[in-house]
Amino acid sequence: MRYKMPIAFLVVLALAGSAWFLVRARINATAVAGTSHDIPKPHQDQPPHGGTPIGLGEDQFNLELVRDPAAGTLKAFVLDGEMEDFIRISAKVLEIDVEHEGRKDTLKLLPVADAATGETVGDTCLFLTQADWLKRVDHFKGVIKNLAIQDQKFQSIAFSFPEGNTKD
Amino acid sequence: MLFLLIRRGLRQHLVSTAVAVLLVALGLGLVISVWVVRTEAEQSFTRSASGFDAVLGARGSKLQLVLNALFHQEVSPGNVTAEDFKDIKNLPFVDRAIPIVVGDNFRGVRLVGTNADFFENLEYAPGHVYSVEPGGRTFKIGEKEAVVGSLAFHQLGWSIGTTFHPFHGLDYDVNAQHSEIFKVVGVLAPTNTPADRVIWVPMEGVQTLGGHDPSTFTEMSAVLIRFKPGAKAAGLMLDTRYNRQGKRLTLAWPVAAILSDLFSKFDWFERALQALAYLVAVVAGASVFSSVYSSMSARKRDLAILRALGAHKGFLIAAVLGESASIGILGCALGFGLFGLIASLVQEILRTRIGVLFDPWAWNPIMVWGPVLMLALSIAAGAIPAWRAYRLSVADGLSPLS
């Protein structure tokens, strides 16, 4: 009986202290959750337009192929190894030998200028072509003939669309 | 009887009681103020983004773009061409694209050029559209007319029909007066957003002012963008196009995240204030302890007499704890008053300087937890004196003092 009350006081003191820290932690968590309007970060190793990535070299660069079946177009974006940054190149044309529906063909993708991005022919990361068969064919095989990016040259890069050429 | 005993204890050591109450009030007032100002200010800023999802501007800082175009602070990082405006306005997922042109002022109040779309059913908050107060009208495109934000209108002491010469630049320079004369034709109905702090004029009115570079007559400072409902991927798509693929323009998106980023830059300051507030709270607890302890020691004899007259030990404990709880309650009440004072000051500064409406009395959990914990701390501070009262024997209490 003699020590009951002092012990009770100490328990009250300890409870009050614990509650203080618990509530502080909870309020901190609420505040953090309440302000978590995360700025979308680039998805590393994910093609920015959700297209088919084709690795060039030892993860040095990537080519993202995006087919628009409604327009029958194929776009190619030149990207860095992590697919975070767009790489502008001076190529006049991007040639891809393709095999579709048992036939062989060559797609010539031309550089696209865009005032909004500041890209010009000769300094762009976007190449585009249009072909009617692209409206109906969603699987084909291709080989990128020649491509120079910065001081690197790539030749005969084989791939499947839409699988790509990733080795993973 | 218990109440009388507590009251007597408090009054007997009025000075130390008052100091303890003030410290509890200061502790609570600071704790609540730090929390509420931080959380509510951020929400107020986000609400004041006037319902726009993104801002398109010249290449530069996203934060600078948002502050310049939506909050009318900072300088414009550069210009956007008429083609850029047309390009983004015509995108299928863009609901509204409003051009903004800045670069002139009237005695420090910004002139903001825009087009007629600004007054056409444009919501700045759900269910609230920009409109002009009765008795006025919106400006006519091509005319030197102005619609004045409600805060600016009262600040300048103008009336409908007042004419004025704008000044070049965002800062008032008495030597930089333009020769053109603008006429006030309307007052923007209060929106509680930064739009209330500026003078709205037709875009062409600002672009073609004398002294401006003719090559920039069709350019604008930024474009405010609202996406169509459901166009969730629109922001990401444009972010990729303008910010990653492009090198000319910057898309500030999402606005809320950019503002959140702004507030996170002040985290260190907020933490320092929090630490200070907690320190004051702890000192307040120590002060309550000191006050109750000295009060209890001074009334040792009275308590012993009460015990001799048959008072239960629990009664003495209740008296001591009641004293510390009373200090806590009084301090909490005063603490809310202090918070109200600090919050009113912050509210006025934000309203007049930035045009952001800050509601300090909006629900925040700290308003319950703060007083509860401060009260618990005060009661806990009375635990040791209460223990001493509990252990006090009649013989000890009544023994001669010398």
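**Strand pairing in chain A**

Modeller: Let us begin with one pair of residues: Val98(A) stands opposite Asp105(A), which belongs to strand 5 of chain A. Strands here are DSSP runs of E with at least two residues, helices are runs of H or I with at least four, and both are numbered from the N terminus. Please keep in mind that this is a predicted model, in which local features need pLDDT of at least 70 and side-chain atom pairs count only at pLDDT 80 or more, while totals for chains, interfaces and linings use all residues. Residues are numbered from 1 along each chain as its sequence is written, and chains are lettered from A and ligands numbered from 1 in the order in which they are written.

Colleague: OK, and how many bridges join strand 4 of chain A to strand 5 of chain A?

Modeller: There are seven bridges between strand 4 (residues 94-100) and strand 5 (residues 103-111) of chain A, and these two strands run antiparallel. Two strands are said to pair if DSSP finds at least two bridges between them. The hairpin that strands 4 and 5 of chain A make has two residues between the strands, and Glu101(A) takes a positive phi near 50 degrees there.

Colleague: Which residue in strand 7 of chain A is the bridge partner of Ile96(A)?

Modeller: That partner is Ile144(A), and strand 4 of chain A pairs with strand 7 (residues 140-149) of chain A in the antiparallel sense over four bridges.

Colleague: In what order do the eight strands of the sheet in chain A come?

Modeller: The order is 1-2-3-6-5-4-7-8, in an open sheet with antiparallel pairing. At the edges are strand 1 (52-56) and strand 8 (152-161) of chain A, each of which pairs on one side only. Within the sheet, strand 3 (residues 73-80) and strand 6 (residues 126-130) of chain A run antiparallel and are joined by five bridges, and Phe77(A) has Leu126(A) in strand 6 as its bridge partner.

Colleague: Switching topic, what secondary structure does chain B have?

Modeller: Chain B has 14 helices and twelve strands. Its radius of gyration, taken over C-alpha atoms, is 30 Å, well over the 21 Å from the globule rule (2.2 Å times the number of residues to the power 0.38) for 402 residues, so chain B is more spread out than a compact globule.

Colleague: And which domains does the assignment give for chain B?

Modeller: The assignment, which is automatic or from a database, gives domain 1 (2-46 + 265-398) and domain 2 (54-253) of chain B. Their centres, taken over C-alpha atoms, are 49 Å apart.

Colleague: Where is the cis peptide bond that involves Pro254(B)?

Modeller: The cis bond joins Trp253(B) and Pro254(B), with omega about -10 degrees, and Pro254(B) is found in the loop between strand 12 (249-252) and helix 8 (255-264) of chain B. In chain A, the peptide bond from Phe161(A) to Pro162(A) is cis, with omega near 10 degrees.
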